[in-house]
Amino acid sequence: MNVPRRILALIAAVTLTSAPTTAVADASAVPGTMAAMGDSITRGFNACGFYLDCPSRSWSTGSDAAVDSHYRRLLADNPSLAVHNDGRSGAKVADMAGQAQQAVSQGADYVTILIGANDACASSEAGMTSVADFEARFRTAVRTLTTGLPDAGIFVSSIPDVKRLWEVGKDSSSARTAWSTLGICQSMLARPRSTDQADIDRRDRVRGRVADFNAVLARVCAEQITCRYDGGAVFGHPFTLSQLSRWDYFHPNASGQRLLAEITYTAGAVL
């Protein structure tokens, strides 16, 4: 199948970071409107205040120069770029259909998606979303986008490795206290210092579920010529404790949001 020239140009235009600094964007391909779909990570939760959404520091739509979001990078080529953060803290893949409809109503030319952490980070392992349900709901959302916005470029980020979260925080008393007190991601983070085989196996199964979700994201995205997946770049990145909010040791702080923006924007250049 031949990919429309405009779509290829658009996808290239939203990934200029990896191009030589002398590259010039095709003005006709630079998006006029972008939208972000996702959960608390996309909302910039805890990146600027205690238990607050901070969309100005979102990796996707943030206006803060220190984060250097997708929006900020695209703004250099289109100062009138309109931006919408349709994410919602606490969102799961079940919420993607509604967010996709919002993006369609906004006439987005470029859409970013980061979803799935809350589908794995449940109060217990049994509460995780099934892979089959995750796939059905994500496919529905993507089809809503491609039907309503047939020329829009879609970027899909992999889900961060929640076991890495445990690895970098398990020896921190502050992190352990936050995880326990706030009931954060207990499917992975319950009994963080335990070396019992049952806990080791549980952590591996939760990580496996995230890997399965990422395989779904890759597969569904590959079905659409306007969609690009990050190739597992976010999942595979060894983030550090210093890039997490000191209020919950779960969400990215401003430094973590900047890192996420850099990884995803660069990964989107793989055509």
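**Exercise 1.** At what angle do helix α3 (residues 96–105) and α5 pack, and how far apart are their axes?

*Solution.* First, a note on the source: this is a predicted model, in which local features need pLDDT of at least 70, side-chain atom pairs count only at pLDDT 80 or more, and totals for chains, interfaces and linings use all residues. Residues are numbered from 1 along each chain as its sequence is written, and side-chain values use heavy atoms, with hydrogens and water left out.

Step 1: α3 and α5 pack at about 15°, and their axes are 8 Å apart. Helices here are DSSP runs (H or I, at least four residues), numbered from the N terminus; axes are lines fitted to C-alpha atoms over the stretch in contact, with angles from 0 to 180 degrees between N-to-C directions.

Step 2: the two helices, α3 and α5, are therefore roughly parallel (angles under 35 degrees).

Step 3: to find the contact (heavy atoms within 4.5 Å), look at M96, A97, A100, Q101, A103 and V104 in α3, which meet A141, T144, L145 and G148 in α5. These residues divide into 7 nonpolar, 3 polar and no charged. Ala, Val, Leu, Ile, Met, Phe, Trp, Tyr, Cys and Pro count as nonpolar, Asp, Glu, Lys and Arg as charged, and the others, Gly among them, as polar.

**Exercise 2.** Which residues make the contact of α5 with α9?

*Solution.* Step 1: place the helices. The axes of α5 (residues 131–148) and α9 (residues 197–222) come within 10 Å and cross at roughly 30°, which makes α5 roughly parallel to α9.

Step 1: pick out the side of α5 that supplies V131, F134, E135, F138, R139 and V142, then R209, D212, F213, V216, L217, R219 and V220 of α9.

Step 2: sorted by class, this contact has 8 nonpolar, no polar and 5 charged residues.

**Exercise 3.** Which residues lie nearest the centre of the largest cavity?

*Solution.* Step 1: on a 1 Å grid over the protein atoms alone, a cavity is a set of points where a 1.4 Å probe fits but cannot get out, and lining residues have an atom within 4 Å of a point.

Step 1: the largest cavity has 17 lining residues, and I41, P160, F239, L244 and P252 lie nearest its centre.

Step 2: α11 (254–267) and α6 (162–169) each supply at least two lining residues, with the largest share, 4 residues, from α11.

Step 3: the lining of the largest cavity divides into 13 nonpolar, 3 polar and 1 charged.

Terms used
Parallel < 35°, antiparallel > 145°, perpendicular 65-115°, else oblique. 1 Å grid on protein atoms, 1.4 Å probe; cavity = no way out; pocket = protein on both sides within 12 Å on 5 of 7 lines; lining within 4 Å.
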